[in-house]
Structure formats: C-alpha cells, structure tokens
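Please consult the sequence and the structure shown here.

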2 protein chains.
Amino acid sequence: MFERPRGTRDFGPEEMAERRKLENILRRTFESYGYHEVMTPTFEHAELFVERSGPGILDEMYTFKDKGGRELSLRPELTAPVMRFYAQDMQRSPKPLKLYYFGPAFRYERPQKGRYREFWQMGLELIGADTPQATAEMISVAYDSMKNAGLKNFRLRIGDVKILKNFLDSIGKNDRDTMRAIDKRDTELPDEIMEFISMNNPEELENHGPEDEVEHYRNVLDLLSSAGVEYVMDLGIARGLDYYTGVVFEIEAPELGAEKQICGGGEYRLAELFGAQPVATSGFAIGFDRTLLALKKDGFKAELKGPDAYVIGSKETISEAFALARKMRNAGCIVEMELTGKGMGKALKKASSIGSKYAVLVGEDEVESGEYTIKDLSSGEQRKMPLEELLSLCPSDKEGY
Amino acid sequence: MFERPRGTRDFGPEEMAERRKLENILRRTFESYGYHEVMTPTFEHAELFVERSGPGILDEMYTFKDKGGRELSLRPELTAPVMRFYAQDMQRSPKPLKLYYFGPAFRYERPQKGRYREFWQMGLELIGADTPQATAEMISVAYDSMKNAGLKNFRLRIGDVKILKNFLDSIGKNDRDTMRAIDKRDTELPDEIMEFISMNNPEELENHGPEDEVEHYRNVLDLLSSAGVEYVMDLGIARGLDYYTGVVFEIEAPELGAEKQICGGGEYRLAELFGAQPVATSGFAIGFDRTLLALKKDGFKAELKGPDAYVIGSKETISEAFALARKMRNAGCIVEMELTGKGMGKALKKASSIGSKYAVLVGEDEVESGEYTIKDLSSGEQRKMPLEELLSLCPSDKEGY
C-alpha cells in the first residue's frame with residue numbers, strides 16, 4: 001500500500017468544492033480592485049529565496065539539482081518568484097502594475113498540527129505606486145477578502161516599521177534581536193518599548209518620526225477609516241524580513257489560537273535585490289489553508305452539486321439513452337447515466353442517492369413515442385415530455401464555451 | 001539578475017486569462033458528466049511512479065529526499081497519485097466514482113520546443129464501471145472537451161489493446177518490441193500487422209477475438225456513433241504502458257505536427273498495483289498546454305477585462321473618492337482608482353488606456369452636491385448622477401459571496 005508523503009494532504013470532492021469556493025471569492029475580490037493573475041514555476045533557483053530571506057531559508061526548502069547541476073528549490077513563498085518575473089520581463093509595463101497569484105508553496109520541516117509541507121497562498125503585488133491611497137487600497141483588498149468570504153471574527157492590525165525603527169534608533173535598540181522579540185512577543189520587552197507599541201491612536205504619534213512617514217502612515221489609516229475598513233493601530237508589527245520599508249499589516253483570526261495569523265504584508269523594496277530598477281512596491285499573502293480553517297469554524301461550506309438529471313435506459317434502449325444524455329449536456333445540463341448495468345429499481349435509488357433532481361426514463365415506449373418519462377426525485381411526480389421540453393429544463397449556461 | 005529555471009515558464013496576465021478560460025471550459029465539460037474534482041500533493045514517494053511506469057521513470061523525474069530519508073518525486077503525471085488516493089482513502093466510496101483533476105506535472109529532461117519541464121494536465125478517472133456505456137461516456141467527455149473549447153481540427157482514434165494483443169499472439173509477435181514499434185510507427189511493420197491495424201470498419205473484426213472483447217469494443221463504437229461522436233477506428237494504438245486492458249483512445253490535433261497528441265487514455269487496471277481491491281477503471285489525460293497551443297492556432301483568445309470604472313479624486317477629495325471606490329466594488333463593480341498622484345488630465349488618459357468603461361470624477365463640487373460626474377470613456381458623454389444611480393451601474397454579481 002502506498003501512502004501520501006508525510007505532511008501532505010489529498011483533497012476529496014467535498015474539500016475541493018470548499019477550496020474552489022473560497023478561491024473564487026478571493027479571486028473576485030482581487031479582480032474587483034483591478035488585479036490580474038500571473039503564474040510562475042513551482043520551483044526556482046535556490047539563490048532567489050536566499051536573496052530574499054537570507055541563507056537560513058536553505059534549511060526550510062526542498063532543494064534538488066537541475067540537469068545542469070544548478071540548485072532548484074520548491075518555492076517556499078510566491079513574492080520572490082513574482083518579483084523575479086517582474087524584474088525579468090515586466091519592468092517596462094505601465095505602472096502601477098497590479099498582479100495577483102494563487103498556488104502551492106512548500107516547507108521542508110517536521111509536520112505539526114495545522115502546518116503542512118505543501119500549503120496554498122493567495123496574494124498580490126502592487127508595483128509602482130506608493131501614495132497613501134495605493135497602500136490603503138492594497139490593505140483594503142485583504143480586508144474585503146475576509147469580509148467577502150464571510151469571516152466573522154478577524155482583526156486587522158496596521159503598523160509601520162520605519163516609525164518603529166526610528167523609535168528604536170532613538171533609544172539605541174534598533175537591532176535584529178529587539179525586532180525579533182517585538183515580532184514574536186515571546187520575551188519580556190523593556191517598558192519604553194511596550195509603551196511605544198501600545199499606542200493605539202494616531203494622535204499620539206506627534207512626537208515621533210520620521211515626520212513624512214508619520215504623515216504617510218496617518219494618511220493611510222485615515223483613508224481606511226473613511227471607507228469603513230476596521231483596523232487597530234499596532235506599531236509592534238515587525239514582519240521579520242529586512243525588505244519591508246514602511247506600513248506593514250497583519251490579519252489574524254483569534255479562534256485559530258497559536259496559528260492565528262492568516263494574512264500579512266506591507267510596503268517593501270525587493271526589485272533591486274533581483275537586479276531591477278528600484279520601484280515602490282507593496283503586497284500581501286493570504287494563508288489559504290488557515291483562512292479556510294477559520295471560515296469553517298464559522299460554518300463556511302460548499303454544497304457538492306448533484307446532477308440535474310440521471311438518465312436510465314434498458315438493454316434495448318441504451319443507444320437512445322446514451323445519445324439523449326449527451327444532448328442534454330450540450331444544452332447545459334449536468335447529466336449522469338446508469339453505467340453499471342443495474343435494473344430500473346436500483347438505478348432510481350442510485351439517482352436519488354447522488355442527489356439528482358430528475359430521473360429520465362428511456363424505455364421502448366419512450367423511444368417509440370419520442371416522449372420521455374421525467375420523474376421529479378424530490379416530489380416523486382412523474383410526467384412525459386418531448387425532447388424540446390426536456391432540453392428547456394437545462395440551465396443552458398453555455399457562456400464561456 | 002535572476003532567471004526562471006530553464007524549461008519553465010512564467011505566465012503574464014494575458015496568458016493567464018487564456019489558461020483560465022480553457023480550464024473553465026474543460027471543468028464545465030467534465031462536471032456536465034457528473035465528475036468531481038480531487039487534488040493530490042505535488043510530490044509523491046518515487047516508488048509510486050516506478051510501480052506504474054517501471055524503473056525507467058526514475059531518470060525522467062525530479063527526485064529529492066524527505067527529512068526521513070525517503071525519496072520523493074515531483075509527479076510526472078496524475079493518474080498514479082489519484083489511484084493512490086483511491087487505494088488509500090476511497091475504496092469504500094459508492095461506485096462508480098467519477099473523479100477529475102487539474103494540475104502541473106514535471107519532466108526532468110533537456111528542454112525542447114513545445115516540451116516544458118513543468119506542464120499541466122487535466123484528466124479523469126472513472127472507477128468501478130466497465131460497461132460499454134461507461135467507456136463510451138468517458139471517451140465522450142474527452143471529445144466534448146475539445147468541441148466545447150472550439151477546437152476545429154482534431155481526430156479521435158479508438159483502438160483496443162486486448163484485441164491487438166490477441167492478434168499479435170496469434171502470429172507469435174506479442175512482445176514489447178512489436179508493441180513499441182506499433183505505438184511509434186517509426187520502423188517498418190510486417191504486412192500482416194499493417195493489414196490488421198489498417199482495418200477501419202468494425203465489421204472486419206468478425207474473425208478476430210477475444211469474442212467478448214470484440215463485442216465490447218463494437219458496442220463502445222456503436223454508442224459513440226449513436227450520440228454523434230466522430231472517431232476513427234484504429235487498432236494500432238498501443239499506449240505503451242502495460243496496465244491498459246481493453247479499449248484505448250487518443251486525440252490528436254494535426255496542426256501541431258510531431259507533438260500532435262493532445263489527449264490519451266483507455267480502460268486500465270492499476271488499483272491492484274497500489275494494494276487496493278481489483279476494480280475496473282478507465283480514464284484519460286488532456287495535455288493542457290498542447291491543447292491550448294492547438295486552440296490558439298484556431299484563434300482562441302481571452303479578453304483581459306478592463307475595470308468598469310476608474311475613480312479620480314483630487315488632493316482635497318481623496319477620502320471621498322477612496323470610500324466611493326470601495327462602495328462600488330461592494331456593489332459588484334470592478335473599480336480602479338488613481339494611485340500615483342496624477343492630475344485629472346493624466347488620470348483620464350490612464351483610465352482610457354487600461355480600458356475602463358467609465359471614469360468617475362470626484363471633485364469638491366461633487367462631494368458637496370452628492371452627485372458624481374460620470375464620463376463614458378468610449379462615447380465621451382458625461383453626466384452627473386447620485387450614489388444610488390451610480391451603484392446601479394454595477395453588475396451586482398455577488399453570488400458566491
């Protein structure tokens with residue numbers, strides 16, 4: 001017996017229906033802001049991720065060799081690949097560029113509860129705009145994603161690493177260890193830092209700097225307030241990675257406990273690292289699996305759709321039944337037919353058990369008369385109708401074909 | 001400058017729109033037959049693929065080690081993973097099981113024209129049904145996929161490996177080399193074999209066997225004919241892999257030349273190999289990239305949708321403009337706004353250049369009066385309307401939210 005690799009998952013029909021439902025809600029939200037989808041390879045040169053995240057990332061990636069001997073890694077995240085794509089092919093595109101992505105990322109580690117070796121991210125990059133409205137709009141996409149998905153209980157926290165670092169500079173504590181401690185909140189922090197990161201009103205920023213960044217940050221917050229986006233100010237968001245330059249944000253779903261962070265991002269500079277001209281960029285990634293987990297605690301689900309009709313023929317009429325089923329599908333219906341040679345009684349039971357709306361009986365009488373027997377499987381009502389009437393029952397939703 | 005790994009591709013917005021369009025057509029077609037989507041991990045234990053395809057597959061896969069020291073491979077195809085999933089978790093599900101998948105697969109080789117190291121497959125497995133109508137229906141899904149996508153010139157060829165092997169047995173030539181030669185048609189074949197595989201009328205099968213298989217094969221062909229599915233009979237389809245048991249088929253798009261095969265499948269036995277109870281199975285995989293290539297030669301394309309509206313505020317009205325844009329999005333519109341601080345004239349040009357239907361001007365007058373100025377960017381017409389009327393322009397397509 002073969003098993004799926006440890007730390008990975010298979011998704012059956014019910015789970016896939018839920019995942020596609022959430023994916024579509026997020027896609028529509030992103031697209032409602034004018035973002036367009038891009039896709040990059042599942043693996044990249046390992047150095048790309050080292051450049052973004054430092055050499056520590058090498059221990060966290062699945063890495064293997066190309067025929068040419070170069071090291072390739074399954075992507076641990078999608079921002080570096082998208083910015084690599086930008087640097088390689090899209091630098092001349094009109095700005096701002098609004099790109100989104102959805103796909104799997106990989107983490108080489110011992111599996112733990114709620115953390116998988118293959119997980120999905122949906123995110124965006126806004127390239128070439130750094131006004132307050134640009135940043136506020138980007139944050140608003142993340143907020144509306146959660147709202148549109150129906151997440152009831154979540155918290156959007158917004159900070160600014162430039163203001164945070166400026167403050168830490170002023171007290172001689174702008175170092176990696178302090179940033180890490182602030183990010184993780186796992187050690188006791190000095191009172192003066194606690195006091196700073198506990199500010200929750202932009203008015204209190206008056207004596208802090210840099211001045212233009214404080215103004216930018218306050219403008220972003222004001223825009224979000226004016227549009228009805230609810231958030232809390234939190235200058236204790238440090239976001240670990242060095243390339244964040246200003247406003248940063250996180251969204252958490254408290255009911256997920258320790259794994260509560262479901263989205264994070266901010267303003268950053270990364271294009272230069274990959275050899276492109278400097279360009280203002282912001283973006284975020286949503287942890288798709290965790291978001292779905294939080295939503296399911298709120299009752300999120302997707303119905304697995306049964307067929308519109310289940311066509312049942314007999315040995316003598318199987319050709320007619322088979323041809324009818326195809327006609328109905330081409331008219332827009334979802335149609336199954338009896339495939340295992342069962343008799344009428346068992347076939348009707350099967351039709352009900354898979355949730356079909358109608359059963360369509362194709363016996364010799366029906367073939368002769370050209371009128372098919374339609375049984376409504378919820379009411380039990382049964383009547384005869386000619387082909388045309390039968391086809392008119394189909395939703396005829398052929399757009400896109 | 002970082003580059004994408006050799007033999008891989010990035011897809012920009014235009015290409016992604018085309019890919020999603022084709023993906024959706026194929027999904028709808030599969031779903032119109034009652035198939036449900038499943039998803040398996042991007043990598044599997046290497047042995048899984050060796051079990052399906054023989055040890056030669058090891059040279060064609062990207063393989064790396066787990067933390068536990070087990071060998072993992074990026075999947076070179078998706079049938080083995082789906083059947084592994086079936087064997088592991090779905091053996092007790094009611095039959096027939098109708099499963100489909102869509103995802104990337106990987107090929108470790110020197111890149112060549114039209115062959116990529118990462119490529120996409122869409123396919124299905126029908127588990128637990130082996131009647132003629134089951135097999136004919138499965139083939140019909142593949143045929144309708146191409147029809148619904150709008151492919152003009154393709155050829156569905158249907159053969160039967162059991163009948164072929166029975167014939168080769170009768171002339172003492174049922175060996176791998178002969179099967180391979182028939183499959184590839186790259187060497188001269190003996191006249192008696194050429195004559196056999198040139199039959200193109202089921203009537204000619206009378207003196208061939210096995211009898212029940214000949215009947216099954218003819219029944220499958222008859223069903224397809226009765227439903228209007230066009231095909232050619234071709235007993236020279238050998239399908240390489242040993243696990244095919246009966247009817248097999250291929251679809252080719254002649255305009256693709258040497259890489260013309262865009263779909264292949266048939267009846268097979270694989271569950272047992274993976275430790276499951278024996279079960280009749282059939283299925284096929286569509287080469288997504290090649291199919292798209294063939295379609296594009298026929299003019300297939302997808303429009304990259306511009307926004308419904310482009311909202312332009314001024315320094316003084318930016319909050320109102322920002323809030324209005326969010327309201328319109330929540331009403332179902334795709335809305336962009338000016339994000340780089342451009343003046344009105346440049347912003348209007350930008351709105352036109354990205355294909356927006358309307359520009360919505362939010363000046364101080366508008367804020368005061370509560371009536372926004374709407375400019376139709378194709379006609380140039382301009383008029384004022386209150387918020388409610390403006391929101392009624394949005395398609396309000398919020399189903400799924």
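## Strand pairing

Two strands are taken to pair if DSSP finds at least two bridges between them. In this predicted model, strand β15 of chain B (residues 371-376) is joined to β16(B) by five bridges, and the two strands run antiparallel. Within this pair, B:T373 stands opposite B:K384, a residue of β16(B).

## The sheet of chain B

Strands β15 and β16 belong to an open sheet of five strands in chain B, whose order is β13-β12-β14-β15-β16. The pairing in this sheet is mixed. Its edge strands are β13 (335-337) and β16 (382-386) of chain B, each of which pairs on one side only. On average, neighbouring strands of the sheet are turned by 30° against each other, direction ignored.

Helix α10 of chain B (residues 318-330) packs on this sheet. The helix touches β12 (309-313), β13 and β14 (358-362) of chain B, and its direction makes about 165° with that of β12(B).

Two packed helices are described by the angle between their axes and the distance between the axes. Helix α10 of chain A (residues 318-330) packs with helix α8 of chain B (residues 211-226) at an angle of about 50°, and their axes are 8 Å apart. The helices α10(A) and α8(B) are therefore oblique to each other. Their crossing is right-handed.

The contact involves A:S319, A:F322 and A:A323 from α10(A), together with B:D222, B:L223 and B:S226 from α8(B). By residue class, the contact of α10(A) with α8(B) comprises three nonpolar, two polar and one charged.

Key: Residues are numbered from 1 along each chain as its sequence is written. Chains are lettered from A and ligands numbered from 1 in the order in which they are written. This is a predicted model: local features need pLDDT of at least 70, side-chain atom pairs count only at pLDDT 80 or more; totals for chains, interfaces and linings use all residues. Helices (H or I, at least four residues) and strands (E, at least two) are DSSP runs, numbered from the N terminus. Axes are lines fitted to C-alpha atoms, for helices over the stretch in contact, and angles run from 0 to 180 degrees between N-to-C directions. Two residues are in contact if their C-beta atoms, placed from the backbone, lie within 7 Å. Angles under 35 degrees count as roughly parallel, over 145 as roughly antiparallel, 65 to 115 as roughly perpendicular and the rest as oblique. A crossing is left-handed if the near helix is turned anticlockwise from the far one by less than a right angle, and right-handed if clockwise. Ala, Val, Leu, Ile, Met, Phe, Trp, Tyr, Cys and Pro count as nonpolar, Asp, Glu, Lys and Arg as charged, and the others, Gly among them, as polar.
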